[in-house]
Amino acid sequence: MAQAPDFPGLDFGDRFRFWPKHNEKIYERLEGKHAWLEEKQAARGDGDLPVTEKVEKDPLENEMILNIGPQHPATHGVLRCVVKLDGETVEKSVLDIGYLHRGIEKLAEHKTYQEFMPYTDRMDYLAPYSNNVAWCLAVEKLAGIEVPDRAQWIRMIMSELARISSHCLWLGVGMMDAGAVSGFIWTFQQREEIYAIMDEVAGARFTVSHSRIGGVANDFSPRAIEMIEDFTDSFLDEVDGWETLLNRNRIWVERNRDVGRITKEEALELGVTGPNLRGSGVPYDVRRFEPYLKYDEVDFTIPVREEGDCLARYFLRLDEMKQSVRIIKQCLDRMTEGPIRSDDAKEAYPSKEEVYYSMEGMIHDFMYTDVGTVPPKGAHSYHAVEGPKGELGFYLTSDGTGRPWRVRINAPSFTNLQAMEYIMEGSLVADTVVIIGSLDPVMGEADK
Amino acid sequence: MPDPSDPRASEPNDPEELRFQYTPSDEPTPEQEIDNPHAKDTTRVPAVIDALRTEFGDDIHDVERYANEDTVYVAKQRIQDICRFLKEDEEFDYFVDLGGIDNFTDEDRYEVFYNIVSTERQKRIRLKVRVDEADMRVPSVTDIYRAANWNEREAYDMFGFEFVDHPDPRRMYMPEDFEYHPLRKEFPQLGVPGSLPLPPQTPDGDLTMDPFAAAHGSQPRKSYEEPPVDADSDE
């Protein structure tokens with residue numbers, strides 16, 4: 001049986017029968033770790049790192065080890081935080097992830113490129129469309145497939161809707177984490193409308209799988225365009241309502257201001273991505289850095305905030321939603337008529353009309369399902385998109401068959417969670433919940 | 001040699017022979033090195049490669065290019081110096097990604113790649129080191145880029161690299177009690193039966209050994225005691 005570490009106030013006995021070595025190592029790490037504050041002080045030259053030694057006495061019994069999660073609603077999934085508390089302050093924290101690990105990088109090696117797409121829906125399950133687009137673009141770059149213009153506009157509109165949908169959920173649960181439960185219902189009303197649009201466009205509300213390699217599955221119906229227009233017209237009023245409620249709300253501001261602050265240098269050092277990076281003053285957005293689809297042709301701004309605390313990230317995400325609406329409106333105006341999928345049978349599925357009414361169409365459909373897209377042997381490329389959580393990239397290696405040799409997923413939530421381990425140190429226990437909410441991790445993506 | 005007169009002799013014994021043998025596609029043409037409908041300006045970094053060559057000479061092995069992306073193969077022992085040079089002299093301040101690749105070859109079986117971005121110069125570079133199966137040690141770059149910490153843990157978990165001087169060499173996703181490295185090519189997609197105990201199904205029961213053991217053709221161990229079978233009965 002594993003020997004549980006012994007420090008004050010801790011007596012596990014033989015409670016860890018299940019993965020004893022794993023738990024033992026986590027507690028060892030928690031003991032041996034240097035808090036980030038200590039490391040920063042040592043780097044500045046204000047004294048050396050303290051030698052980690054067992055604290056023999058804790059007369060006031062202030063110290064305590066607390067497991068938050070994995071089954072805790074405030075962790076937004078199956079995130080386990082093991083924190084060492086000194087009174088109410090988090091002294092050190094260690095995160096344990098992997099409770100949702102499904103090994104999708106391994107699964108991808110046994111699937112054709114198109115077959116893997118439904119798995120991407122289940123990565124960042126709050127914005128599946130962004131993941132579909134990220135995957136398709138990565139494969140298209142690897143195989144050198146050109147996508148028709150109309151498909152690119154459709155993908156852009158739907159990705160921005162996915163971003164709004166993800167930020168709506170973040171705001172709803174963020175408010176709930178801070179104590180305002182009714183806000184959750186209001187943002188979910190908007191999410192419901194986006195679900196309805198997804199349903200109309202893709203035939204599925206949640207895990208849409210609508211994008212295809214070489215284009216999209218089907219075109220917008222007139223009803224879908226109407227719904228998107230209605231949504232973009234009404235959504236900004238809703239955001240105004242939320243802003244009226246929160247921007248000057250004393251509880252909200254005091255729960256968020258100066259909580260989980262990261263400076264610009266720290267953000268780059270910790271490698272945080274997406275709104276969290278921009279909230280600290282780094283104007284890094286893949287839509288600008290490496291424009292994909294038609295993002296270099298539409299007019300929008302990248303909101304950046306300097307403060308780097310939870311309140312800055314709140315303002316930034318609200319601004320991002322407004323910019324998304326602006327992008328969608330421009331896309332609807334500029335969308336051209338035309339094909340929605342590549343016409344090459346080696347690049348994309350044929351249309352259903354071809355499959356049902358022509359022999360070649362059926363053969364192509366069969367061949368595409370069996371072999372699919374075949375990138376050159378030994379080719380490897382990385383393509384990233386700006387998902388709602390940050391830079392979502394796929395690094396693909398091909399061995400010249402229809403299945404990828406290696407798929408590497410660069411998941412933004414994974415990157416952000418790594419930083420959270422440090423950000424939590426020095427904050428209050430009550431604030432950890434707000435910090436988790438404000439960094440917006442999704443475990444489906446972080447755990448792959 | 002099968003006897004052609006015997007029709008049964010032609011039946012393949014090896015299920016591999018039944019498989020549709022697909023000829024892999026060709027290697028990329030020289031045009032594909034640059035031309036790509038999704039090519040980005042950021043991924044082409046000739047100036048940085050020149051600077052690396054003058055600084056490190058033969059330790060920069062070769063440069064590969066595909067879809068306008070530069071991949072620089074560097075010597076494993078110098079990776080820390082190269083990363084420090086990139087960060088301090090070439091303004092590559094933002095560490096994006098690190099991961100392993102199993103090429104399943106006799107020599108230099110594994111690769112570790114580093115994806116680093118310069119937010120100032122708007123450039124992205126990919127470094128790669130080759131790792132032989134006999135020596136899985138790779139110098140850790142966590143001293144230079146703190147963000148590499150979890151990625152290196154994940155690469156260790158999935159491939160078994162030993163990142164030297166890593167501050168926290170634990171597994172990332174799998175529990176420490178797990179003995180394999182799942183993204184290696186020899187690891188079966190279905191997993192290894194019994195390799196990962198799961199919690200008991202009753203408060204005082206044994207650990208559940210493998211809920212999907214039947215998929216591998218083995219019987220799972222019961223997590224409860226069955227009444228003893230009468231030895232005299234025929235069944």
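## Where the chains meet

Two residues count as in contact if their C-beta atoms, placed from the backbone, lie within 7 Å. Keep in mind that this is a predicted model. By that rule, the contact between the chains takes 51 residues from chain A and 44 from chain B.

E3(B) gives the largest share, six residues. Sorted by class, chain B's side of the contact has 21 nonpolar, 11 polar and 12 charged residues.

The largest nonpolar core has 162 residues, and the ones touching the most other members are Val139(A), Ile157(A) and Val112(B). Helix H6 (residues 149–177) of chain A brings the largest share of this core, 15 residues. Domain 1 (20–96) and domain 2 (104–410) of chain A both give residues to the core, so it lies between them.

What does Ile157(A) touch, leaving out residues up to four places away in sequence? Its contacts are Ile228(A), Ile328(A), Cys331(A) and Leu332(A).

Now for helix H3 (residues 79–89) of chain B, where Ile79(B), Ile82(B), Cys83(B) and Leu86(B) are buried. Looking down the axis of H3(B), the buried residues fall within an arc of 100°, so they line one face of the helix. Over on the other side of H3(B), Glu88(B) and Asp89(B) are exposed.

The buried residues of H3(B) pack against several chain B elements, including helix H2 (46–56) and strand E4 (110–118). After H3(B) comes Glu91(B), with a positive phi near 65°.

Definitions and conventions
Residues numbered from 1 in each chain as written. Chains lettered and ligands numbered in written order. Predicted model: local features only at pLDDT ≥ 70, side-chain atom pairs only at ≥ 80, totals over all residues. Core = buried A, V, L, I, M, F, W, Y, C linked by C-beta atoms within 7 Å. Buried ≥ 20, exposed ≤ 12 C-beta atoms within 10 Å, placed from the backbone. Helix = DSSP H or I, 4+ residues; strand = E, 2+ residues; numbered from the N terminus. Domains from an automatic or database assignment. Arc of directions from axis to C-beta. Nonpolar A, V, L, I, M, F, W, Y, C, P; charged D, E, K, R; others polar.
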